[in-house]
Amino acid sequence: MVKRTSHEFSACPVARPLDAIGDWWSLLIIRDAFEGVTRFGEFQKSLGLAKNILSARLRNLVAHEILELKPCADNSNYNQYVLTEKGRGLFPLLVALRQWGEDYFCTEDEEHVTLVDRQKGEPVRRLELRAQDGRLLGPDDTLVSGH
């Protein structure tokens with residue numbers, strides 16, 4: 001297996017996080033964690049992933065402080081994986097990825113899940129990038145600027 005190049009010292013803020021979340025299994029683990037999955041066996045059942053690969057991905061997410069290992073609340077001898085503040089910060093990324101996937105990888109006749117505001121019970125509006133004055137921005141409307 002080819003070792004991946006680390007982006008730890010990259011000046012690019014898009015490249016650096018890829019060491020932590022740059023493979024599909026890690027993002028699917030994080031997705032499941034947002035949906036309430038906490039135990040190793042639950043992740044394995046949900047993802048159908050080999051134990052060694054799941055262990056490696058969970059270790060990496062813990063090492064990058066995206067998940068933390070805590071004793072289970074039921075006082076069993078098991079541990080659970082819980083999203084940290086840093087991990088919870090990935091929520092907008094997963095919502096954007098879900099919306100993009102629905103737009104470009106799903107057909108119109110496919111049934112979709114809907115992200116719903118827990119308090120109001122209403123569907124959540126799509127994510128949008130807006131200027132300070134409220135204008136909707138696309139890729140041609142922005143540039144990356146140094147300090």
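Which residues have the most contacts inside the largest nonpolar core? In this predicted model, they are Ile 21, Ile 29, Ile 30, Phe 43 and Leu 67, and the core they belong to has 19 residues. Two or more residues of this core come from each of helix 1, helix 2, helix 3, helix 4 and strand 2. Helix 2 gives the most, with four residues, and much of this report stays with that helix.

**The chain as a whole**

Let us step back for a moment. The protein chain has six helices and two strands, and along the sequence they follow the pattern α-α-α-α-β-β-α-α. Taken along the principal axes, the C-alpha atoms fill a box of roughly 55 × 45 × 30 Å. Of the 147 residues, 22% are buried. The accessible surface comes to about 11700 Å², and carbon and sulfur atoms account for 54% of that surface. If you look at contacts between residues at least 6 apart in sequence, 39% of them join residues at least 24 apart.

**Helix 2 and its surroundings**

Helix 2 covers residues 24-34, and its buried residues are Ser 26, Leu 27, Ile 29, Ile 30, Asp 32 and Ala 33. Those buried residues pack against helix 1 (18-21), helix 3 (40-47), helix 4 (51-63), strand 1 (67-71), strand 2 (79-83) and helix 6 (91-105).

Setting aside neighbours within four places in sequence, Ile 30 is in contact with Ile 21, Leu 61, Ile 66, Leu 83, Leu 90 and Leu 94. One of these partners, Ile 21, is also among the residues with the most contacts inside the core.

Both ends of the helix deserve a look too. At its start, a side-chain oxygen of Asp 23 comes to within 3.0 Å of the backbone nitrogen of Trp 25. Just after helix 2, Gly 36 has a positive phi of about 100°.

| Residue | Relative accessibility | Class |
|---|---|---|
| Cys 72 | 5% | buried |
| Cys 106 | 29% | partly exposed |

Why do they fall into separate classes? Buried means under 20% relative accessible area, so Cys 72, at 5%, counts as buried.

Note on methods. Residues numbered from 1 in each chain as written. Predicted model: local features only at pLDDT ≥ 70, side-chain atom pairs only at ≥ 80, totals over all residues. Heavy atoms only, no water. Buried < 20%, exposed > 50% of the residue type's maximum accessible area, 1.4 Å probe, protein only. Contact = heavy atoms within 4.5 Å. Polar contact = N/O pair within 3.5 Å; in protein donor to acceptor, adjacent residues only side chain to side chain. Core = buried A, V, L, I, M, F, W, Y, C linked by side-chain atoms within 4.5 Å. Areas by Shrake-Rupley, 256 points an atom, 1.4 Å probe, with all protein chains shown as cover.
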